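Dear colleague,

Please find below the structure for your review.

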Amino acid sequence: MERLVVLGTGNAVVTKCFNTCFVLERDERYWLIDTGGGNGILAAMENAEVPIAGIHDIFITHEHCDHLLGIVWMIRLIATGMKKGTYEGECNIYCHPDLIETIDTIARLTIQGKFYKMLGKRIFLVPVEDGEHRNIIGYDVEFFDIHSTKAKQFGFTTVLKNGKKLTCAGDEPYNDANEVQVRGSAWLLHEAFCLDSQADIFKPYEKHHSTVKDACELADRLGIENLVLWHTEDKNYENRKVLYMREGKEYYSGNLYVPYDQEKIILSE
């Protein structure tokens, strides 16, 4: 089975849910994408029943705190498991080259030396370039620059066991420069900061984000079969799914998902 395990669905400053991060699970192998803004990643993984000892691959999309800072806790817990003998093998942390020094510096300044020293021994910071391919939990993954207007950021695309393409477009609106990677994806993971009807309240365009309407119109135009919307505001978290689905279905004819934290979505069986 292949599943999308949703750890968090919120934007940078949410308080009712966790920052957007997720796991791709393939036959009980786990790949963690982004780590949220702090040690909430540990509770999110525990609640979603994702074992830390099962995480051997992590991808950090970019430097913003709500995607990056949880890596400190992952390094610490993984290094602890390595020292105790409860974590087997190595861990690779993938990111674009400009992030290598940032992650190393944060780890060096915040993690005890005995754990920090595992970097370069069994925990590796692995730079990836635009267009580079890596094999991760059995997937041929292509990383790509999303051409962010704020901070350098990478997304990725891969093919599931059933031959269908899954693409993560990062946390900014789709850029036409990535049409080859995105168009025709069976699954597109895309941000939607708020309802189009509430754009005047949340001002997504000032933050270079999309509304639900924007993301759904895009997915319809690019022939996306399944669209997952997240990286949202949380002012009406309890009713978010109903409200976003209602607006989204006006503009998108495919299968729309608006998950809550810790939801699991089956990608293929």
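Which residues line the second largest cavity? Please note, before the answer, that this is a predicted model. The lining of that cavity consists of Phe144, Ile146, Ala169, Pro173, Tyr174, Asn175, Asn178 and Val182. By class, six of these residues are nonpolar and two are polar, with no charged residue present. The space inside the second largest cavity comes to about 40 Å³.

In total, two cavities of 30 Å³ or more are found in the structure. The largest cavity holds about 90 Å³ of space, and 14 residues form its lining. Thr20, Asp34, His67, Cys168 and Gly170 are the lining residues nearest the centre of the largest cavity. The classes represented there are six nonpolar, six polar and two charged residues.

Helix H3 spans residues 71-84 and helix H4 spans residues 100-110. Their axes come within 10 Å and cross at roughly 65°, and the crossing of H3 with H4 is right-handed. On the H3 side, the contact is made by Ile71, Val72 and Ile75; H4 contributes Ile103, Ile106, Ala107 and Thr110. Six residues of this contact are nonpolar and one is polar, while none is charged.

With kind regards

Notes: Residues are numbered from 1 along each chain as its sequence is written. This is a predicted model: local features need pLDDT of at least 70, side-chain atom pairs count only at pLDDT 80 or more; totals for chains, interfaces and linings use all residues. Side-chain values use heavy atoms; hydrogens and water are left out. On a 1 Å grid over the protein atoms alone, a cavity is a set of points where a 1.4 Å probe fits but cannot get out, and a pocket is an open set with protein on both sides within 12 Å along at least five of seven lines; lining residues have an atom within 4 Å of a point. Grid points are joined across faces, edges and corners, and a volume is the space filled by probe spheres set on the points. Ala, Val, Leu, Ile, Met, Phe, Trp, Tyr, Cys and Pro count as nonpolar, Asp, Glu, Lys and Arg as charged, and the others, Gly among them, as polar. Axes are lines fitted to C-alpha atoms, for helices over the stretch in contact, and angles run from 0 to 180 degrees between N-to-C directions. Helices (H or I, at least four residues) and strands (E, at least two) are DSSP runs, numbered from the N terminus. A crossing is left-handed if the near helix is turned anticlockwise from the far one by less than a right angle, and right-handed if clockwise. Contact means heavy atoms within 4.5 Å.
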